[in-house]
Structures are given as structure tokens and as C-alpha cells.
Amino acid sequence: LRDNRIELVRASWHELSISVSDVSLSDEGQYTCSLFTMPVKTSKAFLTVLGVPEKPQITGFTSPVMEGERMQLTCKTSGSKPAADIRWFKNDKEVKDVKYVKEEDSARKTFTVSSTLDFLADRSDDGAVVSCRVDHESLNSTPQIAMQVLEIHYTPLVKIISSNSWPEEGQSIILTCESKGKPVPEPVLWTKDGGELPDPERMVVNGRVLSISFLNKTDNGTYRCEAKNPIGRNSTEYVLIVHDVFNTLLPTTVIPSLTTATVTTNVALTASTTTSATATSIRDPNALAGQTGPDHALIGGIVAVVVFVTLCSIILLGRYLARHKGTYLTNEAKGAEDAPDADTAIINAEGSQVNAEEKKEYFI
């Protein structure tokens with residue numbers, strides 16, 4: 001071996017050592033050590049030299065990128081032996097769907113490796129860190145990494161937030177228009193029902209905030225917030241409905257019912273008078289103050305008493321008619337049992353009454 005990079009380290013009858021500095025790929029091959037004896041003895045070893053990959057580079061990125069455009073980023077490294085491995089990451093999360101290409105150099109000793117990441121630009125990718133990582137056995141578990149920060153431009157995203165979910169007359173409301181975009185959107189534009197705000201004194205715009213004081217029914221309508229930037233414009237709507245003010249409930253006292261015994265024990269007509277007089281003096285404790293209208297419980301009680309009294313009267317009248325009819329038929333039948341005609345029956349009835357014992361009848 002005749003090379004200035006090769007030095008003799010140790011020489012003795014038992015050992016011969018050399019060192020090779022600044023190793024290159026050309027140093028790879030088979031080395032032979034010979035002992036000149038009779039016969040000559042030799043020993044051989046094959047030296048493999050690893051090709052260290054160069055620092056990777058990312059190409060294909062243009063800044064800024066518009067939302068919806070297709071991006072193709074390519075990571076490339078050369079000089080590796082054997083071929084290096086390339087992996088893609090987006091915010092420390094590995095991306096699997098990539099294209100990998102391996103090319104052998106002209107000297108047929110090292111490889112050039114490239115990988116392409118293809119995706120559509122989205123607003124969620126703005127500010128994301130895309131990294132290309134090269135792994136190789138010559139790097140001693142310390143990979144080489146190239147990084148690129150994405151810049152995505154997109155139209156504004158608009159959202160309206162209300163300070164009052166149930167606005168009532170006389171109250172106030174604040175509508176906040178949140179707009180996010182890149183570049184930063186210009187000041188927003190507020191409109192109502194497609195036109196300008198009708199009452200600038202009560203409807204005050206401060207930046208992205210619309211404040212409406214002393215709400216009334218005329219404020220009902222559709223409020224639109226529009227934001228724009230050099231990329232485009234976007235808008236959203238909020239439907240305002242002003243509700244009536246609810247009546248305030250006055251404090252009420254629950255009055256215990258005292259008419260249970262009276263209603264259940266009295267059956268005569270006096271029961272209706274007692275029930276009605278007592279019922280009219282009691283109000284529903286859950287009724288709203290100032291509310292006028294029929295007391296359904298009182299009316300129902302009166303109707304029930306009237307129906308009950310009517311049924312009792314019908315039963316008593318029926319019993320009276322039944323008894324009266326039976327007594328009348330019995331008296332008339334006394335002279336008509338053996339009479340051939342009606343006149344004879346009447347004469348027999350009168351005669352029988354003269355000879356009969358004196359009897360009295362009472363109608364109950």
C-alpha cells in the first residue's frame with residue numbers, strides 16, 4: 001500500500017497494524033496481510049465504507065400559498081451508501097402518503113434519494129411545520145432534518161356572537177363579529193335587512209361590535225356582518241327577535257281548603273249555597289296578579305252541585321208518581337171487576353162505596 005493516508009502503527013514479529021485517515025469510498029475493498037515464511041501465510045478482510053447522506057433540502061415551496069392550491073414538496077439527499085430512508089412529518093405527526101424515489105449514482109457506489117409530499121393547502125395548515133427526516137446507519141441514530149414553515153392565505157371566517165340569548169323590549173344587546181383570515185381582514189361592515197342601520201343613535205358600531213340599546217319591535221330583522229381581505233370576502237347573518245316583557249308575579253299566599261266537610265255531608269240544596277259562597281272567597285294561589293277571567297274550578301263546582309240536585313229531584317218525583325199511580329188504579333178497579341160495561345162499573349163502584357166501610361186515603 002502506497003498512500004500518504006496510510007500509516008504504520010505497530011510492527012513486530014507477531015503483529016503489523018496500519019491506520020487509514022480521511023476514509024473515502026475508494027478505500028472499500030479486500031485487504032490482505034502476508035507472512036513471508038516457507039510457505040507464505042496470508043489473511044484477508046473486506047472493508048465496507050458507508051456513504052454518509054448529505055443534508056436534505058426541501059424544494060417546491062412558494063410563499064404564500066392560497067387556500068385550495070395543490071402543494072408538492074420534495075425532499076432530496078445524495079451520497080448515501082446504502083440508500084438512505086426519508087420520512088415526512090407535519091407538526092411532529094408522520095405523513096404516510098408520500099412518493100419515494102431511489103437513484104444510483106453514475107459511479108454505482110452511492111445513491112440519491114428523493115421523496116415528494118403532495119397535498120391541498122388548507123387554512124388549518126397555516127403556520128404548520130413540515131419536516132423531512134433522513135435516517136441512515138452512518139448517522140449513528142442522529143437523523144438529518146430539514147424544516148419548512150407553511151404560510152397559507154385564506155378568505156375570512158366570520159361568526160356573530162350575541163350577548164343576550166332572549167332579548168326583551170327595553171333591554172340592550174351586543175353583537176360581536178369575529179372574523180379570522182390571512183391577511184388580517186379589514187374592518188367589518190354591519191347592515192340590517194340588506195340596507196344601512198336605520199337608527200344610528202341607538203345602533204352604535206365600534207370596530208367589530210354592534211351595540212343596540214332600548215330594544216323595541218322595530219329592531220326585529222336580519223343583521224349581516226361582512227368581512228373581506230385581499231383573498232376574498234365572507235359574511236354571516238343573525239336574526240334578531242325582540243320579545244315582549246313578561247308580567248312580574250306578585251307574592252301570593254296559599255289558603256288551605258276548608259270546604260271539604262261541608263261538601264261531603266250536605267246533600268240538600270243548601271249545599272250549593274255553601275259551596276258557592278266558600279268557593280268564591282278562595283282564589284287560585286298560582287294565578288297571575290291582575291289576571292281576569294272565569295274561575296274554572298268555581299264554575300265546575302257549581303255545575304256539579306246543580307247536576308246532583310237535579311238527579312235527586314228526578315228520583316223523588318219518580319217515586320211520587322209511582323205511588324200515586326198505584327193507588328188510583330186500585331180504587332177505580334173496585335167496581336169494575338164484574339161489570340159488563342163502563343156505566344155498570346160506575347154504579348157498582350158507587351154502591352160498593354156506600355156499603356163499604358169508611359176508608360180514608362192519603363197521598364204522600
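**Exercise 1.** Determine which residues are linked with R87 in a network of salt bridges.

*Solution.* A salt bridge is a side-chain nitrogen of Lys or Arg within 4 Å of a carboxyl oxygen of Asp or Glu. By this rule, R87, E94, K96, R133 and D135 are linked in a network. The count of salt bridges by this rule comes to 17. The model is a predicted one, in which local features need pLDDT of at least 70, side-chain atom pairs count only at pLDDT 80 or more, and totals for chains, interfaces and linings use all residues. Residues are numbered from 1 along each chain as its sequence is written, and side-chain values use heavy atoms, with hydrogens and water left out.

**Exercise 2.** Locate D126 and K182, and state what their side chains form.

*Solution.* First, the side chains of D126 and K182 form a salt bridge at 3.1 Å, N to O. Next, D126 lies in the loop between β11 (111–120) and β12 (129–135), whereas K182 belongs to strand β15 (residues 173–182); strands are DSSP runs (E, at least two residues), numbered from the N terminus. The pair thus links distant parts of the chain, 56 residues apart.

**Exercise 3.** Decide whether R202 and D219 are buried or exposed.

*Solution.* Buried means under 20% relative accessible area, exposed over 50%, and partly exposed in between (1.4 Å probe, protein chains only). Both R202 and D219 are buried. Their side chains meet in a salt bridge (2.7 Å, N to O). R202 lies in the loop between β16 (189–192) and β17 (203–206), and D219 in the loop between β18 (209–212) and β19 (221–229), so the pair ties together parts 17 residues apart in sequence.

Methods: Helices (H or I, at least four residues) and strands (E, at least two) are DSSP runs, numbered from the N terminus.
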